[in-house]
Amino acid sequence: PLQYLSFYHVAEHFFESIYNDELIERVKQIITQPDFSYKRKKDVKSLINKIGKWVSLRGETMTFNEQEALALTLQNFVELSDLILKIREYDDSLIEYYKSNNVIFSGGESVNLEDNDQQTVWLQLSRRIYKTRNAIVHSKESEKGKYIPSEHEKILVKEVPLVRFIAELITIGSSEVIE
């Protein structure tokens, strides 16, 4: 569990900045539409409502959809072909495993990393990773999806390479050359 969470934290580091950038782009797209007018209350109100769906305020803290932020982070920093290559080099059977198996203890869905529809892959991958993270972190007695070490360790072991290689690719993808 600690390995999984440590690798997950690499992606989590970028959630806020990536999500904020996406939010800014969404707002820019709306306000630059020819039919949008800042002078019409209904247009401004519609914009406010959309922003309210994308983020919420808790006290002075802005919160957002972390699973969506994870998908955006993956899209920004990870090339699927590189991820597939790393997984194949490590254990070729894992590509088929991820495609054919859900994560039983978390409800994380299967993901076909070789699907031609990359949007679908990012969505499925982010759900699998996020649900598994939540099952580890929020493993209360009353929780539906929870990680129980004695029962689920062998399943989690197969999930660690996935988040490990993603963390490596995010680190590489987010790196900057310093001259």
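This is a predicted model: local features need pLDDT of at least 70, side-chain atom pairs count only at pLDDT 80 or more; totals for chains, interfaces and linings use all residues.
Tyr8, Ala11 and Glu12 come from H1. Glu66, Leu70 and Thr73 come from H4. By type, the residues of this contact divide into three nonpolar, one polar and two charged.

How do the two helices lie? Two packed helices are described by the angle between their axes and the distance between the axes. H1 spans residues 2–12 and H4 spans residues 66–77. Their axes come within 10 Å and cross at roughly 80 degrees. Angles of 65 to 115 degrees count as roughly perpendicular. H1 and H4 are therefore roughly perpendicular to each other.

Follow the chain out of H1. Phe14 sits in the loop between H1 and H2. Is Phe14 buried or exposed? Its relative accessibility is 16%, and buried means under 20%. Phe14 therefore counts as buried. Leaving aside residues up to four places away in sequence, Phe14 touches Thr73, Phe77, Ile170 and Ser174. Thr73 also belongs to the contact of H4 with H1. Asp82 is 68 residues from Phe14 along the chain, and the C-alpha atoms of the two are separated by 20 Å.

Next comes H2, residues 15–31. This helix has 17 residues. From first C-alpha to last it reaches 24 Å, close to the 24 Å expected at 1.5 Å a residue. Which residues of H2 are buried? They are Phe15, Ile18, Tyr19, Leu23, Arg26, Val27 and Ile30.

Lys28 pairs with Glu25, and the closest N and O atoms are 3.4 Å apart. Because Lys28 and Glu25 are three residues apart in H2, about one helical turn separates them. Lys28 is partly exposed, with a relative accessible area of 43%. Glu25 is partly exposed too, at 39%.

How many salt bridges are there in the model? The count comes to eight. Another of them joins the side chains of Arg40 and Asp43, at 2.7 Å from N to O. Here the partners fall into separate classes. Arg40 is partly exposed at 36% relative accessibility, whereas Asp43 is buried, with a relative accessible area of 11%.

Arg88 and Glu114 form a further salt bridge, with closest N and O atoms 2.2 Å apart. Arg88 lies in helix H5 (residues 80–91). Glu114 lies in the loop between helix H6 (93–100) and H7. The two residues are 26 apart in sequence, so the pair ties together separate parts of the chain. Arg88 is partly exposed at 32%, and Glu114 is partly exposed at 41%. Salt bridges that share partners also join Lys86, Arg164 and Glu168 into one network.

Last, turn to H7, residues 118–137. Ser126 has its place in this helix. Its relative accessibility is 0%, so Ser126 counts as buried. What does Ser126 touch, beyond residues up to four places away in sequence? Its contacts are Gln67, Leu70, Ala71 and Leu74.

Terms used
Residues are numbered from 1 along each chain as its sequence is written. Side-chain values use heavy atoms; hydrogens and water are left out. Helices (H or I, at least four residues) and strands (E, at least two) are DSSP runs, numbered from the N terminus. Buried means under 20% relative accessible area, exposed over 50%, partly exposed in between (1.4 Å probe, protein chains only). Contact means heavy atoms within 4.5 Å. The expected span of a helix is 1.5 Å times one less than its number of residues. Axes are lines fitted to C-alpha atoms, for helices over the stretch in contact, and angles run from 0 to 180 degrees between N-to-C directions. Angles under 35 degrees count as roughly parallel, over 145 as roughly antiparallel, 65 to 115 as roughly perpendicular and the rest as oblique. Ala, Val, Leu, Ile, Met, Phe, Trp, Tyr, Cys and Pro count as nonpolar, Asp, Glu, Lys and Arg as charged, and the others, Gly among them, as polar. A salt bridge is a side-chain nitrogen of Lys or Arg within 4 Å of a carboxyl oxygen of Asp or Glu.
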